[in-house]
Every structure is written in C-alpha cells, then in structure tokens.
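Welcome! Please take a look at the sequence and the structure before reading on.

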Amino acid sequence: MTAVRAAAADVDWEKLRSVARDAMSRAYAPYSGYPVGVAALVDDGRIVSGCNVENASYGLGLCAECGLVSALQNSGGGRLTHFTCVDGKGDILVPCGRCRQLLHEFGGPDLLLETPAGILPLSEMLPQAFGPDHLTK
Ligand code: THU
C-alpha cells in the first residue's frame with residue numbers, strides 16, 4: 001500500500017463529506033446559485049468546515065475554503081490533513097486554483113484531497129507550489 005493510500009484509509013471520508021454537505025446547506029450564494037461546502041480534518045482530530053459567502057459586489061465573494069481556513073485559525077490553528085469539497089448536489093468537487101493555494105498554506109503538499117479522480121495529495125493538484133518556505137530562502 002502506498003503512503004497516500006494508507007493515510008487515506010485511516011479516515012472516515014463519508015463523515016467528512018457529511019460535514020461538508022451540512023456546511024454547504026448554510027452557503028450564501030444568491031448570485032451564482034452555486035453553493036459549496038468544505039470540511040477538513042486537523043492533525044489534532046478536530047474537523048473544520050466552511051461554506052461560500054457571496055457579495056453584491058460580485059468580486060468580493062468568499063469561497064468556502066476561506067471560511068474553512070478562518071475557522072481553523074480561530075479554533076486553535078493546526079495543520080490540515082484531509083480535505084473534501086462538495087457542490088450543491090453534495091457531489092465531490094475540486095477546489096478552485098486560489099483555494100488550492102489557501103489549502104497549501106495550512107496543509108502543505110501532503111494534504112490529502114478527495115477529488116472526482118480519487119484521493120490525491122495537494123502536490124498533485126498544485127504542483128511546484130509557492131509557499132512559506134520561498135520567503136525564507
Ligand atoms: N467556490 C467555492 O466556494 N470554492 C471553490 O473551490 C470553487 C468555487 C464558490 C465561489 C462562488 O461563490 C461559487 O462557488 C461559484 O463560483
């Protein structure tokens with residue numbers, strides 16, 4: 001078994017998806033009509049979640065991942081280890097490019113993402129990522 005498969009097998013993805021769906025049900029997406037919910041496991045066992053929150057000034061809308069990283073930091077910090085994202089039907093969705101960068105900050109390249117193509121490390125969804133290490137080189 002590969003390291004990714006072993007780490008992925010340890011986790012109750014169905015539970016994580018159900019937390020993401022619950023968050024999605026609280027999305028504020030009157031402009032796009034496209035609610036999104038996300039949930040992630042933290043390295044201390046916590047689960048954090050988020051939903052998208054749009055704005056009449058369209059460009060100011062916040063992706064669900066913005067809420068998730070805010071919830072992470074505001075509930076004690078830590079590292080994200082496993083992440084899932086769902087659309088308005090509750091189906092697995094890939095995080096947008098900007099949000100992959102947000103996830104990289106708090107989960108790094110080994111963060112496992114549930115995607116329509118299976119469980120993948122963030123390093124495969126955001127190759128050659130720019131991150132905090134670049135700033136100290
Ligand atoms: N959206 C997210 O919340 N996360 C993503 O990773 C993809 C897109 C939201 C932004 C916007 O409110 C709606 O989905 C349509 O783009």
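A residue is called buried under 20% relative accessible area, exposed over 50%, and partly exposed in between (1.4 Å probe, protein chains only). L60 is exposed, because its relative accessible area is 55%. This is a predicted model, in which local features need pLDDT of at least 70 and side-chain atom pairs count only at pLDDT 80 or more, while totals for chains, interfaces and linings use all residues. Residues are numbered from 1 along each chain as its sequence is written, and side-chain values use heavy atoms, with hydrogens and water left out.

**Around the ligand**

Which residues surround the ligand? They are S32, Y34, V36, N52, E54, C63, A64, E65, P95 and C96, where being near a molecule requires a heavy atom of the residue within 4 Å of it. By class, this shell holds six nonpolar, two polar and two charged residues. Here Ala, Val, Leu, Ile, Met, Phe, Trp, Tyr, Cys and Pro count as nonpolar, Asp, Glu, Lys and Arg as charged, and the others, Gly among them, as polar.

Of the 370 Å² that the ligand exposes when taken alone, the protein buries 77%. Such areas come from the Shrake-Rupley method with a 1.4 Å probe; for residues, only the protein chains shown count as cover.

Helices (H or I, at least four residues) and strands (E, at least two) are DSSP runs, numbered from the N terminus. E114 belongs to strand 4, residues 112-115. Is E114 buried or exposed? Its relative accessibility is 6%, so E114 counts as buried.

H82 sits in strand 3, residues 80-86. H82 counts as buried because its relative accessibility is 8%. Its side chain joins that of T81 through a polar contact of 2.7 Å.

**Loops and a helix**

L60 lies in the loop between strand 2 and helix 3 (64-74). From L60 to G118, 58 residues along the chain, the C-alpha atoms are 31 Å apart.

Another loop, between strand 1 (37-42) and strand 2 (47-51), holds G45. With 52% relative accessibility, G45 counts as exposed. G45 and L62 are 17 residues apart in sequence, and their C-alpha atoms are 26 Å apart in space.

Q128 is in the loop between helix 5 (122-125) and helix 6 (132-136). Its relative accessible area is 85%, so Q128 is exposed. Although Q128 is not a glycine, its phi is positive, at about 50 degrees. Most residues other than glycine have a negative phi.

S18 is part of helix 2, residues 13-24. S18 is partly exposed, because its relative accessible area is 37%.

Note on methods
Polar contact = N/O pair within 3.5 Å; in protein donor to acceptor, adjacent residues only side chain to side chain.
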